[in-house]
Amino acid sequence: MSHYFSNRETFKEIILIPVIATFLAISLGLLLLIFSGSSSEIALKALIALFLGSFGSLSAISETFTAATPLILAALGIAIGFRAGLFNIGAEGQIILGGMAAVIIGFSFHLPFVFHIIFVLLAGALFGAFYAFISGWLKAVTGAHEVITTIMLNLIAYRLLDFFLRISWIQKEGRNDPISKSILETAELPRIFYVLDPNLRVHTGFLIAIIAVLVVYWLIFHTTIGYEFRAVGKNLEASRYGGINPALTIIIAMSSAGLLAGLAGASQIAGILGRATPGFSAGIGFDAIAVALLGRAHPIGVLFAGILFGALIAGGREMQVSADVSLDLITVIQALIIIFIAAPILIQKLFPWIFK
Amino acid sequence: MNNHTTNKMQDVKTKKSTIIGLCLIFLGCMIYLFFGLGVEGQATFRLSRPTDPFALPNLILPAHSFIGASALLIAFFGGRIIIKAPKKYTIFIALSFFLAIAAFLVWATAGKSFSLTGMLQATLVRAVPIALAAMAGIMCERVAVINIGIEGMLLAGAFAGAVFGSIFGNLIGLILAILVGGFFGFILAALVVTFRVDQIIAGVAINIFVLGITSFLTSHLLKSNPELNDAPIFKSIKIPFFSEIPVLGPVLFKQNIFVYFAIFIVIVSTFYLFKTAYGLRARAVGEHPKAAETLGISVIKTRFYHVIMGGMIAGFGGAWFTLGSVGRFDEGMTGGRGFIGLAAMIFGRWHPIGALFAALIFGFADSLQQKLAILRTPIPSEFLAMAPYLVTIIVVAGIVGNAKPPQAIGQAYVKEN
């Protein structure tokens, strides 16, 4: 898989293909809208809402970055996996575990402001890392394919969350529906532009995501373990002869991926939601796969792809409100983006005059 | 091979059997601790209904002694594997699991009564989509194409079955569901064979795409037109005489066409893959495409045909969710059965009959939640719902040893000029 992510790529491959893929996918999504019986006016309205909801105003931009935050964090983890030849589909489950840990720490401990946040984020990251460790360990020791184990762990995580939200000391007092207690104010990630306008939701989690981009960049390209990730991903047998322990490398890569996904879950809880409900993960783990692919498993690429997908989600919400188009259309667009990115030959055949 | 490596391999083998043996002893102890201690009374398993023409007496087991004996036997198997380090211990592991499940059922039933026939019937019904997903997987992987997209193909089949079944009736709905499955098979083949997309990425993209498009169409079309999501289901067909046999009759001969066809597909695909020239060619393409091409077999065409065929089987399996059980489509209703089917395929070592038996184990785990709810066990229902997923993880983690996929699996084929 890692042949998709070589470092010596041309401008066309890095910029042109993702841009074309995105436009192609959005156009096909709008065609689908028209084919499913909506008028072309609604499609046009949806397209406008998609742009206005993502970059049309200050609050739209804030929403875009808010939605991008967990995507960037989780996608960085998936990118590390790709570099090490692992396909981690389990980000969704790791986000759930991380979020659950964040909720528990967030409402049950009384700590001073900054310490509480750090504790919440650490707990989320550790739980996510532990959950991914299971898949990494199974892969390293028994050779169980990580795609299947991570998907099963996702499904298990959904059930765990259902169970967890019915436990009496976690469930919100006086409620019968599955909803957790709210985290304390000291555990909330502060909003970045609170002084400017308290309604701008973009929070310090976004800064953490930027720091994570830099750290992962340094990790992948400037450390020994990063080199080992890439070596194992390129050729496992050769790396073994080179003195690398592939089993250990796989476990570390998978756990770091889970750490970042767990952090994404914790930042979502501490920055936006404040409590856990069924489905609080909202498919972020799956969107993050597309983000990692679109960013070609490069931290900087992931940053931009994450912002693009954040824009799609923020715009998609606006589309839902003003044009009454279901958010699922965004999922279709994301899948199409993955297909076009993964099949560069397809795009080159469709637009031969661009790639002469 | 020199002496040193032989010794090393021997060591690895002994070490592995020691670990497995210890695991079994641990399992035995756990079973006694959790299920055996404090359990009282008898477990009554009903084998037939009083109205049946040939009524069988109930199977009554004393709970405590049965669980104790099972735990002891499992620990004994563990000890035997450690001491003797036999070459083949799969049979002991299988027996231990069987005993563990029996002990669990006896514990859950202690002091109550439980219909064993009903459980077996539910097991077979639940095994159908998993077995069909596994057959789809086998068709693709035998020609060296990994099909992670089976989940999406099942979902597409379920959706097509519900919508077209509502419009045209269940038979045409079923045929169109099969065709829709085949269409996604074609898309997968085009992506991985023609455009040489990474097979796993292509499969994941298909899954996300189908999940998105079916959810989108559900909220855009089906919510406002509920008459499009109300398909007539296939009723169960009683096979005369055979359905009167106690236990086996209602389990095997009083089912809907999905069960009969699933068994039919297993038999036909076994015959096709292992007894016909076409099957031999397909397997050659999966094992060594270059050699197959040299012999005049078109690798590209063979892969296309089989992946489309796999897609059609998955589409049929998907229709089970709507036309074979509830008649209406819900978002994401396949709940990971496609992936469980892939695990069944691995467990069954890429052989249709092996995969069918594996699917039955998963079907059993899948029906636990529904059936054990009646018995009011202290285990939360969420944990029972996890059972099939946990079993899948245990299976792919290769508790049965290392199964080998076809040689050329996952590799795109580039034809030389």
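Trainee: In what order do the elements of chain A run from the N terminus on?

Mentor: In this predicted model, the elements of chain A run α-α-α-α-α-α-α-α-α-α-α-α-α-α from the N terminus on. The count for chain A is 14 helices and zero strands.

Trainee: What makes the radius of gyration of chain A agree with that of a compact globule?

Mentor: A compact globule of 356 residues would have a radius of gyration near 21 Å, and chain A has 20 Å, so the value agrees. Along the principal axes, the C-alpha atoms of chain A fill a box of roughly 65 × 60 × 35 Å. Of the 356 residues, 56% count as buried. Among contacts in chain A with a separation of 6 or more, 77% are between residues 24 or more positions apart.

Trainee: Why is chain B called as compact as a globular protein of its length?

Mentor: Chain B has 15 helices and five strands. For 417 residues the globule rule gives 22 Å, and the radius of gyration of chain B is 23 Å, close to that value; therefore chain B is as compact as a globular protein of that length. The C-alpha trace of chain B spans about 70 × 70 × 40 Å along its principal axes. Buried residues make up 51% of chain B, and 79% of its contacts between residues at least 6 apart in sequence join residues at least 24 apart.

Trainee: What confidence does the predictor give for chain B, and which scores belong to the model?

Mentor: The mean pLDDT of chain B is 86, and 94% of its residues reach 70 or more. The model scores ipTM 0.86 and pTM 0.86. Where pLDDT is low, the predicted coordinates should not be read in detail.

Trainee: How is chain B divided into domains?

Mentor: An automatic or database domain assignment divides chain B into domain 1 (3-111) and domain 2 (117-396). The C-alpha centres of these two domains of chain B lie 31 Å apart. The contact between them takes eight residues from domain 1 of chain B and seven residues from domain 2 of chain B. By class, the side of domain 1 that touches domain 2 has five nonpolar, two polar and one charged residues.

Trainee: How many residues does each chain give to the contact between chain A and chain B?

Mentor: The contact takes 36 residues from chain B and 38 residues from chain A. On the side of chain B, helix H7 (199-222), helix H13 (337-347) and helix H15 (381-396) each supply at least two residues. The largest share of that side, 16 residues, comes from H7(B). By class, the side of chain B that touches chain A has 26 nonpolar, eight polar and two charged residues.

Trainee: What makes H7(B) a mostly covered helix?

Mentor: A residue is buried if 20 or more other C-beta atoms lie within 10 Å of its own, and 22 of the 24 residues of H7(B) are buried. From its first C-alpha to its last, H7(B) reaches 32 Å, close to the 34 Å expected at 1.5 Å a residue.

Trainee: Why does B:Arg196 count as partly exposed?

Mentor: The term partly exposed covers counts between the limits of 12 or fewer for exposed and 20 or more for buried. B:Arg196 has 16 C-beta neighbours inside 10 Å, and therefore counts as partly exposed. B:Arg196 is found in the loop between helix H6 (170-194) and H7 of chain B.

Technical notes:
Residues numbered from 1 in each chain as written. Chains lettered and ligands numbered in written order. Predicted model: local features only at pLDDT ≥ 70, side-chain atom pairs only at ≥ 80, totals over all residues. Contact = placed C-beta atoms within 7 Å. Helix = DSSP H or I, 4+ residues; strand = E, 2+ residues; numbered from the N terminus. Nonpolar A, V, L, I, M, F, W, Y, C, P; charged D, E, K, R; others polar. Rg over C-alpha atoms; globule rule 2.2 N^0.38 Å. pLDDT = per-residue confidence, 0-100. Expected span 1.5 Å × (residues − 1).
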